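Open the model in your viewer and get your selection tool ready.

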Amino acid sequence: MQAKTAKDSSIITDGPVKFGTFGGVFTPSILTIFGVIMFMRVGYVVGQAGIFHALIILSLSKIITLFTSISISAIATNTEVKGGGAYFLISRTLGPEFGGSIGIALFLGQTLSVPFYLLGFTEALVVTFPVFAPWFHYIAFGSMAILFVISVVGAGWVIKTQYFIMVILVLAITMFLLGSWTQFSEATVNANWTPGYTGDTGFWKIFAIYFPAVTGIMAGVNMSGNLKRPAFSLPWGTFAAVFVGALVYVAQILICGGAISRETLIATPYESLLENALFGRFGAFIVALGVFCATLSSALGSLLGAPRVLQALGEDKILAPATPFGKLSKKGEPFRALLLVCFLSAGVLYYAVTRGGAVALNIIASVVTMLFLFTYGMTNLAAFVEGFTRNPSFRPRFKLFHWFFALLGAAGCIFAAVLISAQATIIAGALIVLLFAYVRRFVLTTTFGDARRGFVYSRIREYLIMLSQLPMHPKNWRPTTLVLSGNPNSRLTLVKYAIWLSSGRGIVSLISILMGGFDEMKDRRKLHIQELDDFISKNRLQAFPEVIVADDYEAGIMQIFQCNSIGPLKPNLAIFGWSPDPQRAQSYVRILNAAKALDISLILLNDKGLPEPGKRKRRIDIWWRGQKNGSLIIILTYLITLNSEWSRATVRILRAVKTTRGQEPARQELKTLIDAARMKARIEVIQSDKPVTETITQNSADASVIFLGFQVPEEKDAEKFQGAITNLIKDLPTTLLVYSTGDADLVS
């Protein structure tokens, strides 16, 4: 069935042409690997680094690409692969932020590769035919215009022409390798075996110049949207290109290093291939034709790849500026993205030719190296996240993968980047971080899943197990809060104070209870959860929604108290709105006693509204009546002042005493409290023989919020308790009545 589908899709005239492993992956990859570096820079690398160091450079480069190929194979055989190449793989694993930022880096790397290869082609042409030297600029831009026209025709025609190019390339490689072999000598091998770095060159600078030779594996990956069976073709085509490329480059380093003098390799690396080609001028012509084809086909491959990355970014609607480029032409080609790539490439090409081709070629090679190192590193990181977290959905058909290989690949990329240029790595890393932040802030609609959830889940699971084994200490208390919010739109004060009291240090759950049978209420429950989600999102709250269906309100509360937990994360604070209704007194007190029995501290909020918006000079009044509830009140006051709206608030700790003699001892006690609590607060000891209700009202009627302690009464005293509290708070601003189970003790 799959084969039939693939075959049928290849004859749809309005869609992109589909290719197999050889044409869609191996061919574009190997043609990019056997590109400008092979003909124009390998000789220079061997001359500077010597045969031995050149082999080390090749080995390091191939190890990085081998591990990256393994990661690509694992991800590609685990999920349906569409257009966008490495961007698609990373975004579907690490998420849109990482995918978007690396996608942009990959797009820039591919775009820069176009002028890089065109410069290589033009340099080779004028070296082969010096008469064309005065027209260097015109040749470079003319070649680009021709390649643009070819790209507009479509990927199908381009892939077919690459078969012909491959034949020429194989002949060219054969000509210069066999020709050099006839000049091979042990003396030359010995002379070129060790490094001979000149000027400010060194191992890692030469590595940076050489590394673009192995970046060809992305040429096949970037054609993922044009493959019949990407899950099959990407691994096999990529590995074949890596191994064939390695064998040929080893042969070139050994044979050319043993046949051509160091001075010639450094000064005229390309000319030395022409001079040593088999069959004299005919062989030199084939070699020249080969380098022309290799550089132009590599440029063409980048012209095909870069627009497809940008088109995939636009199609996913991750970035608003990229969205217009997500549209395909009637032939299924990313024409808009292609126009942008050509515009950017022309700008870089203009800069390069005015700076001098040879110097610019090395500079662009280093920049391309850095961009591809980051892309490879993130690809390996994506595979590592999937494998290390043992995500159940990560079941790649490619069985040679292990997360350790991916970790080594990522580490190798970072290590190589730092050694090439620590400064450039920091700058490139900062740019990736900025791109990540930009994408995260302006990310649009994304409908695909990624592996971050599995990674976070895995870490949370381990930490929950670890947390459950650690002893609890009062000084480590953090609020895990249940907010009996009901419809939060009508109880905004309750919700806002719950968020302020958490201050990003705890967990807040908004609880709503629907009364009735589950079967009749299940649809309404889903709707209510969505309403809570919308409320949380609209108000940008850090909270979780929870809706319970129960026969009555009290039963629902009991259910929440007992079941709203996972492992050690059990609710330790419940926030209710104050109810003055005498008919609810008994049920209300039963609920408070249930919380007390389950070691859940309580806050009863008397809602008199939120503080005036924008008013920064707020005042928090704490009426101290002892450490039993006072320690929790101090903690909650500290937490609320961590919010920007309350950061400049004045905190007063007040205590009422009956006689003048009791003032100084009370003041000293509060000073000790302030010192232990390590917080800034004013102390006021009020001597008054008036009823406490009157004293509090006289001194705190103009406060922004008041904290008072209370004790949970027995059920038989419910109505008396309700009447006393109602009388106490009737003329006060918003008041938080706090009961502590004693788990929190900031001042012990």
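Leaving aside its neighbours within four places in sequence, which residues is Tyr270 in contact with? Select Tyr270 and you will find Phe39, Met40, Ala124, Val127, Thr128, Ala288, Val291 and Phe292 in contact with it, where contact means heavy atoms within 4.5 Å.

**Before going further**

This is a predicted model, in which local features need pLDDT of at least 70, side-chain atom pairs count only at pLDDT 80 or more, and totals for chains, interfaces and linings use all residues. Residues are numbered from 1 along each chain as its sequence is written, and side-chain values use heavy atoms, with hydrogens and water left out.

Colour by pLDDT, the predictor's confidence in each residue, from 0 to 100. The protein averages 82, and 88% of the residues score at least 70. Confidence is lowest in helix H1 (residues 2-9), with a mean of 33, and highest in helix H9 (residues 186-192), at 94. Helices (H or I, at least four residues) and strands (E, at least two) are DSSP runs, numbered from the N terminus. Over residues 1-14 pLDDT stays under 50, and the model has 6 contacts beyond four places in sequence for this stretch.

**Stop 1: the cores**

Now select Phe34, Phe39, Phe176, Tyr210, Tyr249 and Tyr270, the residues with the most contacts inside the largest nonpolar core, which has 129 residues. Such a core is a set of buried Ala, Val, Leu, Ile, Met, Phe, Trp, Tyr and Cys residues joined through side-chain atoms within 4.5 Å. Buried means under 20% relative accessible area, exposed over 50%, and partly exposed in between (1.4 Å probe, protein chains only).

**Stop 2**

Pick Tyr117 in helix H6. Is Tyr117 buried or exposed? Tyr117 counts as buried because its relative accessibility is 4%. Not counting residues up to four places away in sequence, Tyr117 touches Thr32, Val36, Pro212, Thr215, Thr295, Ser298, Ala299 and Ser302.

On a 1 Å grid over the protein atoms alone, a cavity is a set of points where a 1.4 Å probe fits but cannot get out, while a pocket is an open set with protein on both sides within 12 Å along at least five of seven lines; lining residues have an atom within 4 Å of a point.

**Stop 2: the largest pocket**

Move to Ile507, Ile566, Pro568, Leu569 and Lys570, the closest to the centre of the largest pocket among its 40 lining residues. The volume of this pocket is about 1500 Å³. Show helix H20 (452-468), which gives the most to the lining, with 9 residues.

**Stop 4**

Select Val508 in strand S2, which is buried at a relative accessible area of 1%. Its contacts, not counting residues up to four places away in sequence, are Thr481, Val483, Ala498, Ile499, Ser502, Gln542, Ala543 and Phe544.

Next, show helix H21 (residues 492-502): 9 of its 11 residues are buried, so H21 is largely enclosed by the rest of the structure. Among the buried ones are Tyr497 and Trp500.

**Stop 3: positive phi**

Most residues other than glycine have a negative phi. Just after H21, Ser503 takes a positive phi of about 50°. Arg540, with phi near 55°, lies in the loop between helix H22 (518-538) and S3 and is exposed, at 79% relative accessible area. Finish at Asp599, whose phi is about 60°; Asp599 sits in the loop between helix H24 (585-597) and strand S5 (601-606) and is partly exposed, at 45%.

Terms used
Grid points are joined across faces, edges and corners, and a volume is the space filled by probe spheres set on the points.
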